[in-house]
Amino acid sequence: LGQKVHIYDEVDSTQTIAHKLVAAGALEGTIVLAEKQTAGRGRMGRSWHSPSGKGIWMSLILTPRIPVYFMPQLTLLSAVALCRAIQKVCHVEIGIKWPNDLLIHGKKVSGILLESSGEDERLKYVIAGIGISVNLLTEDYPEELRAVATSLAIESGIEVSRESLVQAFLLEFEEMYALYLEKGFAPIRLLWEALSVTLKRPIRTTTPTGVIEGFADSLDDSGALTVISPTGERIKIYSGDVELR
Ligand code: BTN
């Protein structure tokens, strides 16, 4: 991974650039990095705060020949790789909130957005968008984000090298991806579970059919979250946001 790296000063979104690069024939492992995004995208149609020079705003092109419905597994895999990289470089206590938010002291420090294009039942390509708030200070956040978002610098008290972190992430990702392509999701699932701050906790989640409150019990083979409701019903959550209670 990372044999070809495209670095930009300012883009709307590294995701958009990566999609265009695929259309122009870019290969698996191609990376797009930008100092600043003017229209960074988050999950569920949200925007992603991406100020200049303070974070890692990156998109990684992947072309795994796996069924489209395995996409959530890749999302969880990315979170594991990112979590391990941050632990190695920053020595902070960090955990994963399902499916792929990285939290330090309950605040979000990093997010992952996977966008794909499929053909028949197989994925044609996936763009893994990684946002890490590395050296942002409190004043770099708009007021409304300060209670819910943090950065590696704020949490560790030191400035963190973005180069070291990108390298560490690519190494971890390569290792996890090779493991996944060889052995399937089972070993990744174990690693994810060990890093999770969601499992075995009471949670609340809003789904298209309403609010579900319950106990987050386990991950299934597809990467869905199994929640046990107060009446003992087992409910699977495939997408959405989870709130820890
Ligand atoms: C989320 O938690 O909602 C996902 C955030 C993903 C942000 C990254 S930054 C690099 C890439 N380009 C984007 O526009 N979004 C992703």
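Guide: A residue is buried if 20 or more other C-beta atoms, placed from the backbone, lie within 10 Å of its own, exposed if 12 or fewer, and partly exposed in between. The model is a predicted one, in which local features need pLDDT of at least 70 and side-chain atom pairs count only at pLDDT 80 or more, while totals for chains, interfaces and linings use all residues. Residues are numbered from 1 along each chain as its sequence is written.

Visitor: What makes residues 71–90 helix 2?

Guide: Helices are DSSP runs of H or I with at least four residues, strands are runs of E with at least two, and both are numbered from the N terminus. Helix 2 has 20 residues and reaches 29 Å from its first C-alpha to its last, close to the 28 Å expected. The expected span is 1.5 Å times one less than the number of residues. After helix 2 comes H91, with a positive phi near 50 degrees.

Visitor: Why is E35 called partly exposed?

Guide: E35 has 17 C-beta neighbours inside 10 Å, and therefore counts as partly exposed. This residue is found in strand 2, residues 31–37.

Visitor: Which residues does E35 touch, leaving aside those up to four places away in sequence?

Guide: E35 touches D9, E10, S52 and G53. Contact requires C-beta atoms, placed from the backbone, within 7 Å.

Visitor: How many residues surround the ligand?

Guide: The ligand is surrounded by 21 residues, with S13, G42, G111, G129 and G131 the closest. A residue is near a molecule if its C-beta atom, placed from the backbone, lies within 6 Å of it. By class, the shell has six nonpolar, eleven polar and four charged residues. Here Ala, Val, Leu, Ile, Met, Phe, Trp, Tyr, Cys and Pro count as nonpolar, Asp, Glu, Lys and Arg as charged, and the others, Gly among them, as polar.

Methods:
Contact = placed C-beta atoms within 7 Å.
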